[in-house]
Amino acid sequence: MKIVVLDGFAANPGDLSWEGIKALGECTIYDRTAPEEVLERAAGAEVLLTNKVIINADHMAALPELKYIGVLATGYNVVDTAAAKERGIIVTNIPSYSTASVAQMVFAHILNITQQVQHHSEEVHKGRWTNSKDFCFWDTPLMELREKKIGLVGLGNTGYTTARVAIGFGMQVYALTSKSHFQLPPEIKKMDLDQLFSECDIISLHCPLTPETHEMVNARRLAMMKPTAILINTGRGPLVNEQDLADALNSGKIYAAGVDVLSTEPPRADNPLLTAKNCYITPHIAWATLEARERLMNIATSNIQAYIAGTPENVVNK
């Protein structure tokens, strides 16, 4: 069996092993693959693994040996799943591997913003503490999380794990969720979307990107938020209208934002969030802890093994 990994570098830049997958067939691993290189590199492959390289209907039509596409991520919008189903090609993803890591990043952003960790560390290194007349200094607001309201847009695995962390900080937790009140622990209360934006001190996005959620964070919803409010996005960049968010930050309509994802990645140099006031951006690394990537690699291997055994798992195009 021929296995081709189109863009393996992000998941495994060299600190993990491909041996589990290599043991399953003749395996070729590419760090990165440009769109025009897909057909040449995938020729003859029965199993194709991709992270962000797009596999469309035209590719599938030109690859008659292709029987299995494994997405090395949870989101699988890079594959035309309908076209794959028509051709009998199995498509799998890697669910829940980064849940704990993403929840951790949510609070890395929240704590950085509420305690202004990055800012004050930079000021210390500039010599401001050395030259201070007092034993301490701060020049931005500092916020305690206890009793603050956090609104979670979505309560799947990551949203729920984030909720448990928030409860540990003594926060009041509210969520937009399809679950009923009876399915929720007493510490988590349901709210509709507009209520979340108007009443909560922190909003954190944990919903999938769909036509309905595309740019759900826009000028109208940002105008509902408190001027002291914080927006966190570790979900998908297009959940947010970036120009509207930049305008809200620059005008003081909301206090700050922490984002790990942008609408185009890497971002264009003119992305308005790159120069927006109080906007803290990390380069899509919430998922990328060593532990999470190790789980990803193990599940990817198990997915292929299950396919070979005729009992495929984590299929997204049934």
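A salt bridge is a side-chain nitrogen of Lys or Arg within 4 Å of a carboxyl oxygen of Asp or Glu. Keep that in mind, as the tour starts with one.

Before you click, note that this is a predicted model, where local features need pLDDT of at least 70, side-chain atom pairs count only at pLDDT 80 or more, and totals for chains, interfaces and linings use all residues. Residues are numbered from 1 along each chain as its sequence is written, and side-chain values use heavy atoms, with hydrogens and water left out.

**Stop 1: charged pairs**

Side chains of opposite charge can pair when their charged atoms come close. Select D15 and R293: their side chains form a salt bridge at 2.6 Å, N to O. This pair ties together distant parts of the chain, with D15 in the loop between strand 1 (2-5) and helix 1 (19-22) and R293 in helix 11, 278 residues apart. (Helices are DSSP runs of H or I with at least four residues, strands are runs of E with at least two, and both are numbered from the N terminus.)

Is R293 buried or exposed? R293 is buried, with a relative accessible area of 6%, while D15 is partly exposed at 43%. Here buried means under 20% relative accessible area, exposed means over 50%, and partly exposed is in between (1.4 Å probe, protein chains only).

Next, pick K22 and E19, which meet in a salt bridge of 3.8 Å, N to O. Both sit in helix 1, three residues apart, about one turn of the helix.

Now select E123, K126, R128 and D139, which are linked in a network of salt bridges. Within it, R128 and E123 meet at 3.0 Å, N to O. E123 is buried at 8%, whereas R128 is partly exposed at 35%. How many salt bridges does a search of the whole structure find? Ten.

**Stop 2: a hidden space**

Rolling a probe the size of a water molecule over the atoms shows where empty space is left. On a 1 Å grid over the protein atoms alone, a cavity is a set of points where a 1.4 Å probe fits but cannot get out, and lining residues have an atom within 4 Å of a point. Grid points are joined across faces, edges and corners, and the volume is the space filled by probe spheres set on the points.

Searching the whole structure turns up one cavity of 30 Å³ or more. The largest cavity holds about 40 Å³ of space. To find it, select its lining: L49, Y68, G70, V71, L72, T92, I94, A300, N303 and I304. Strand 4 (68-71) and helix 11 (290-308) each give at least two residues to that lining.

**Stop 3**

Most residues other than glycine have a negative phi, and most peptide bonds are trans. Zoom in on E265 and P266: a cis peptide bond joins them, with omega about -5°. P266 is in the loop between strand 11 (256-259) and strand 12 (279-281).

Then go to Q116, in the loop between helix 5 and helix 6 (117-125). Its phi is near 55°, a positive value, and Q116 is buried at 5% relative accessibility. E147 also has a positive phi, near 70°. You'll find E147 in the loop between helix 6 and strand 6 (149-153), partly exposed at 46%.

Conventions:
On a 1 Å grid over the protein atoms alone, a cavity is a set of points where a 1.4 Å probe fits but cannot get out, and a pocket is an open set with protein on both sides within 12 Å along at least five of seven lines; lining residues have an atom within 4 Å of a point.
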